[in-house]
Amino acid sequence: MSKVIAYFVLLVLIAIGSMGYFVFKNVNFDNAYNENTKNEVYVSMNLPTYKLGGYQSEKAVVKAGEDIAPEQFDDDCYAALLVNNETNEPIVAYNALRRIYPASTTKLMTGIVVCDALYEGKISLDDNVTLSHDISITEDNALVSDLNAGCTISVRNLLYGLLMRSYNDYAVILAELVGGNVDGFCQMMNDKAYEIGATGSHFVNPHGLHDDNHYITAYDMYLILQEAEKYEIIREIDSYKSFSYSYTNSQGVEMTDDISPTNQFLSGGYALPSNITIESWKTGTTKAAGNVLTMNTLIDNKSYTLFVADGTSQDDLYKKISIMFNLTN
């Protein structure tokens, strides 16, 4: 019984102590705020400042539904884009976010994914690849090499033939080498596109021959071209005006292939102004895509990205690119 009384007394004391604490606190802080008191605020001029970051600080941004100076491109172009890479400012934007067919400009993304495998040490430029089967390319007028089952060729030469001469069978050979099969490689292409922000694109093959579900936007190709610029081997390939390489046929005989660029500014089909240097580039042509050319260029030592998908002719394509050259002045 005495224990019960002791516990009761203890609880009463705790309750009284708690009430006393709150009463004390309230009394102690009652009317503590003096509205006549003003605190001085000191602002240091040495506080750190922060530069605008994020996507818009590194790349040009084109708003949906907004065309910029489209007047000379809107009649016979599927899409056009000209970006000043010094300021990240779009100078021309026509249908820049519209889904269009990329044709062989697809091979830039193919080259990027292959280069990632190179940089990760999964393959080497000096690796030799022996074809286990013929590569079937059935689209009319599609560029293909003379390779067939049993031929052996290096990864380096496959990349040159892919990007410089735009051989469609080389795209399949490289896709099977790096991705295990074409479907697996195309998933890698789509993953890479998403990684660099090219989310308006979808790839179902490594060469760009027509498929309704295979598409890009002009803006996405701008992003892809900026990514391609990071790889030394791509810049090296894109600087050549001709290239000669060899491979071994199925009988073990060494064969030679002399190739020239599909970019007519480099192969001599159209004159390139003396103040312009082409860095990275890719052409593309199919019936559905029209004539396509995208390039990173130096114009008076300033960097620009150009893209035109023209529905009229190759002559008109290069005329439109020349208009873009003039618009940079």
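**Charged side chains and their labels**

Mentor: K230 and E227 form a salt bridge, with the closest N and O atoms 3.0 Å apart. This is a predicted model, where local features need pLDDT of at least 70 and side-chain atom pairs pLDDT 80 or more, while totals for chains, interfaces and linings use all residues. Residues are numbered from 1 along each chain as its sequence is written, and side-chain values use heavy atoms, with hydrogens and water left out.

Trainee: Why is E227 called buried?
Mentor: Buried means under 20% relative accessible area, exposed over 50%, and partly exposed in between (1.4 Å probe, protein chains only). E227 has 9% relative accessibility, so E227 counts as buried.

Trainee: Why is K230 called exposed?
Mentor: Its relative accessibility is 55%, so K230 counts as exposed. Both residues belong to a network of salt bridges that also links D116, K192 and E195.

Trainee: How many salt bridges are there by this rule?
Mentor: The count comes to eight. One of them joins K320 and D76, whose closest N and O atoms are 3.2 Å apart. The partners come from distant parts of the chain, 244 residues apart: K320 lies in helix α9 (residues 314-327) and D76 in the loop between α1 and β1. Helices (H or I, at least four residues) and strands (E, at least two) are DSSP runs, numbered from the N terminus.

Trainee: Which labels do K320 and D76 get for accessibility?
Mentor: K320 is at 5%, and therefore counts as buried. D76 is at 24%, so D76 counts as partly exposed.

Trainee: How do you know that D126 and R156 form a salt bridge?
Mentor: Their N to O distance is 3.9 Å. D126 sits in the loop between α2 (106-119) and β3 (128-130), and R156 in helix α3 (residues 155-163), 30 residues apart.

Trainee: Is D126 buried or exposed?
Mentor: D126 counts as exposed because its relative accessibility is 57%. R156, at 28%, counts as partly exposed.

Definitions and conventions
Salt bridge = Lys/Arg side-chain N within 4 Å of Asp/Glu carboxyl O.
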